[in-house]
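Subject: Structure for your files

Hello,

The structure you asked for is below. My notes on it follow directly after.

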Amino acid sequence: NPQTPTMQAKKERYVDQETVIHCGSTNRRLLHILRGHVTIRSNTGRVIARVGHGKTLGELTFLEIGNRGSGMRVVAEESLAVLIVDYDAVEMITHLNPAVGARFYRCLSFLS
């Protein structure tokens, strides 16, 4: 039953130092960290932040119209597990059930 975004989410795993999001990536998706940490680096390699369990990444490229690509590179530290929600899945859910879509976007606005 595709009525909630979590029903459309998929789990992915990454190993230590594996790139999760490449700089310039135009994938419109949200990543919620289930286990582990990531380092967020600028396109020059400078460390911007280190985030971990319970944090959500990708909300700016997810919401941006005319996505120009991520300006950051996200790299797994240690073993990493993330839950991924694709933009197309949220669009489908919003079309099927506008109230669920509105709640999802409202919650997402608090993250950015």
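Lys-10 counts as partly exposed, at 40% relative accessibility; that class covers whatever falls between buried (under 20% relative accessible area) and exposed (over 50%), with a 1.4 Å probe and protein chains only. Its partner in a salt bridge is Glu-12, and the closest N and O atoms of the two are 3.7 Å apart. Salt bridge here means a side-chain nitrogen of Lys or Arg within 4 Å of a carboxyl oxygen of Asp or Glu.

Before the rest, the basis of these notes. This is a predicted model, in which local features need pLDDT of at least 70 and side-chain atom pairs count only at pLDDT 80 or more, while totals for chains, interfaces and linings use all residues. Residues are numbered from 1 along each chain as its sequence is written, and side-chain values use heavy atoms, with hydrogens and water left out.

Searching the whole structure gives two salt bridges. Besides the pair Lys-10 and Glu-12, there is one between Arg-50 and Glu-77, whose closest N and O atoms are 2.5 Å apart. Arg-50 sits in strand E4 (residues 47-52) and Glu-77 in strand E6, so this pair ties together parts that are 27 residues apart in sequence. Helices (H or I, at least four residues) and strands (E, at least two) are DSSP runs, numbered from the N terminus.

At 16% relative accessibility, Glu-77 counts as buried. Its side chain makes a polar contact of 2.2 Å with that of Thr-39 and another of 2.5 Å with that of Arg-50. A polar contact is a pair of N or O atoms within 3.5 Å; within protein, one must be able to donate a hydrogen and the other to accept it, and residues adjacent in sequence count only if both atoms are side-chain atoms. With neighbours within four places in sequence set aside, Glu-77 is in contact (heavy atoms within 4.5 Å) with Asp-16, His-37, Val-38, Thr-39 and Arg-50.

Glu-78 is also in strand E6, and is partly exposed at 38% relative accessibility. Glu-78 has a positive phi of about 55° although it is not a glycine. Another non-glycine with a positive phi is Gln-17, at about 70°; Gln-17 is in the loop between strand E1 (10-14) and E2.

On the overall fold: the protein has three helices and six strands, in the order β-β-β-β-β-α-β-α-α from the N terminus. It has 112 residues, of which 38% count as buried. Of the contacts between residues at least 6 apart in sequence, 75% join residues at least 24 apart. The accessible surface comes to about 6,700 Å², and 54% of that belongs to carbon and sulfur atoms; areas come from the Shrake-Rupley method with a 1.4 Å probe, and for residues only the protein chains shown count as cover.

The largest nonpolar core has 14 residues, among which Val-20, Val-38, Leu-57 and Leu-80 touch the most other members. Strands E2 (19-21), E3 (29-42) and E6 (72-86) each supply at least two residues of this core, and E6 gives the most, with five. By nonpolar core I mean a set of buried Ala, Val, Leu, Ile, Met, Phe, Trp, Tyr and Cys residues joined through side-chain atoms within 4.5 Å. Residues up to four places away in sequence aside, Val-38 touches Ile-33, Ala-49, Arg-50, Val-51, Leu-57, Val-74, Val-75, Ala-76, Glu-77 and Leu-80.

Ser-42 lies in strand E3 and is buried, with a relative accessible area of 11%. The side chains of Ser-42 and Thr-44 are joined by a polar contact of 2.8 Å. Beyond four places in sequence, Ser-42 is in contact with Ile-48, Gly-71 and Met-72.

Last, helix H2 (residues 87-96). Its buried residues are Tyr-87, Ala-89, Val-90 and Ile-93. They cover an arc of only 160° around the axis, which puts them on the same side of H2; the arc is that of the directions from the helix axis to the C-beta atoms. An α-helix has 3.6 residues a turn, so residues three or four places apart point the same way. Exposed residues Asp-88 and His-95 are on the face of H2 turned away from its buried side.

Regards
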